[in-house]
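Please keep the sequence and the structure in view while reading.

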Amino acid sequence: MKNFLIYILGFIILFFIFPALCTITPKQATAQPIISKEENSTVEQENNQNVETVQNESEVEQKYPYQKYETIRLFHADTSQIEELNIDEYLYGVVSSEMPANFELEALKAQAVVARTYTIYQCINNVGKHENADICDDSTCCQAWITKEDRMARWDANEAENNWNKIVEAVDSTSGKIITYNGAPINAFFHSNSGGVTESSLNIWGGIDYPYLKSVETAGEDGYTQYASEATFTKEELLNKIKETYPDCVMDYSQENCIQILEYTTSGRVKTIKFGNKEIAGTEARTLMGLRSTNFSFSIDGDNIIFSVTGYGHGVGMSQTGADSLAKSGSNYEEIIKHFYTGVEITEVNSL
Ligand SMILES: [Zn+2]
């Protein structure tokens, strides 16, 4: 009988308790790696405070669930490296690079939606522009972008944290929102200061006459430093500037109308200007002389030619200082966007 009990006990240990002990460790080991950092922190708190856990889980759920365009492949122009980033984290670096953090929150939110729209437009319409990447960080090609570390280092230390949090709020509170026209993302151009009136894309670049990039007026832009500027050249310097592109240019300054604005756009920008024997577009004149916009006049004072320039940038789409001015007057980001882009809607990106 005693032997029989020992056999039974041995049987139980061999077939039930020992296998059970063997399986505990592998189960725990395989469970951990599939928990992400965010989920892991929630799990840890679950053991301590159930109330906390419920709140954190709902916060995680509230993050916008991008069905597409969740990850952006960013080409770094200086290193030729490609980095994959969550779209909203990418946008923190764009908004903080493109617009001053001391602008109104509603203006920053408008900039976030504009930048998100521009990004997704690039993903859809400019496939192959950058090999194996969606967009680059060169502002003259796509959109400016800066790392959090570099951005924080350039702000005053006592303002950096608040500035960054403001940028994050602008992006997160508009997460998933883009600008559409007829159900498709718009080509969301923007610039620094319109000088009080924006320009249609057709007058600046020709080509497609985007129905949502029309000329609109905005009050309050004259209150910003970007509104007015001057550029002065001696007669010889100006001729040399023109000759860099047109070596056969001849300017006889003794002739009346040696320099003459021949045509203006409907918004009052220079469309065509004559330098001696050369007629060139206002956009080209802006580039040649490094002017801040094509909204300029000139005067001749002795040996100097002075260009007085209004506004900063190409003038198409949203004016950033105009957005800030509208926000100061009480407009929200949707109203700001609909002011600058004619006939558009604010849409959830998931509805594309
Ligand atoms: Zn690019």
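## Terms and numbering

Two residues are in contact if their C-beta atoms, placed from the backbone, lie within 7 Å. The model is predicted, and local features need pLDDT of at least 70, side-chain atom pairs count only at pLDDT 80 or more, while totals for chains, interfaces and linings use all residues. Residues are numbered from 1 along each chain as its sequence is written.

## Overall make-up

The protein chain contains 12 helices and 14 strands; these are DSSP runs numbered from the N terminus, helices being H or I with at least four residues and strands being E with at least two. Of its 352 residues, 34% count as buried. A residue is buried if 20 or more other C-beta atoms lie within 10 Å of its own, exposed if 12 or fewer, and partly exposed in between. Among the contacts in the protein chain with a separation of 6 or more, 65% join residues 24 or more positions apart.

## The nonpolar cores

A nonpolar core is a set of buried Ala, Val, Leu, Ile, Met, Phe, Trp, Tyr and Cys residues joined through C-beta atoms within 7 Å. The largest one has 49 residues, and those with the most contacts inside it are Leu-91, Val-95, Ala-110, Val-114, Ile-179, Ile-336 and Ile-337. Elements that give two or more residues to this core include strand E1 (71-75), helix H4 (87-98), H5 and strand E4 (177-181). H5 gives the most, with 9 residues.

Leaving aside neighbours within four places in sequence, Val-114 is in contact with Ile-179, Ala-188, Phe-190 and Met-318.

## Helix H5 and its partners

Helix H5 (residues 105-125) packs with helix H7 (residues 157-172) at an angle of about 55°, their axes being 8 Å apart. Axes are lines fitted to C-alpha atoms, for helices over the stretch in contact, and angles run from 0 to 180 degrees between N-to-C directions. This angle makes H5 oblique to H7; angles under 35 degrees count as roughly parallel, over 145 as roughly antiparallel, 65 to 115 as roughly perpendicular and the rest as oblique. On the H5 side the contact includes Leu-105 and Leu-108, and on the H7 side it includes Lys-166 and Ile-167.

H5 and H12 pack at an angle of about 60°, with axes 8 Å apart. Glu-106, Ala-107, Lys-109, Ala-110 and Val-113 of H5 meet Tyr-333, Ile-336 and Ile-337 of H12 in this contact. H4 and H5 pack at an angle of about 120°, with axes 9 Å apart, which makes H4 oblique to H5. Residues of this contact include Leu-91 and Val-95 of H4, together with Leu-108 and Ala-112 of H5.

## The enclosed helix H11

Helix H11 is largely enclosed by the rest of the structure, because 8 of its 9 residues are buried. These are Gln-320, Thr-321, Gly-322, Ala-323, Asp-324, Ser-325, Leu-326 and Ala-327. The buried residues of H11 pack against H5, strand E6 (190-191), strand E13 (318-319) and H12. Just after H11, Gly-330 takes a positive phi of about 105°.
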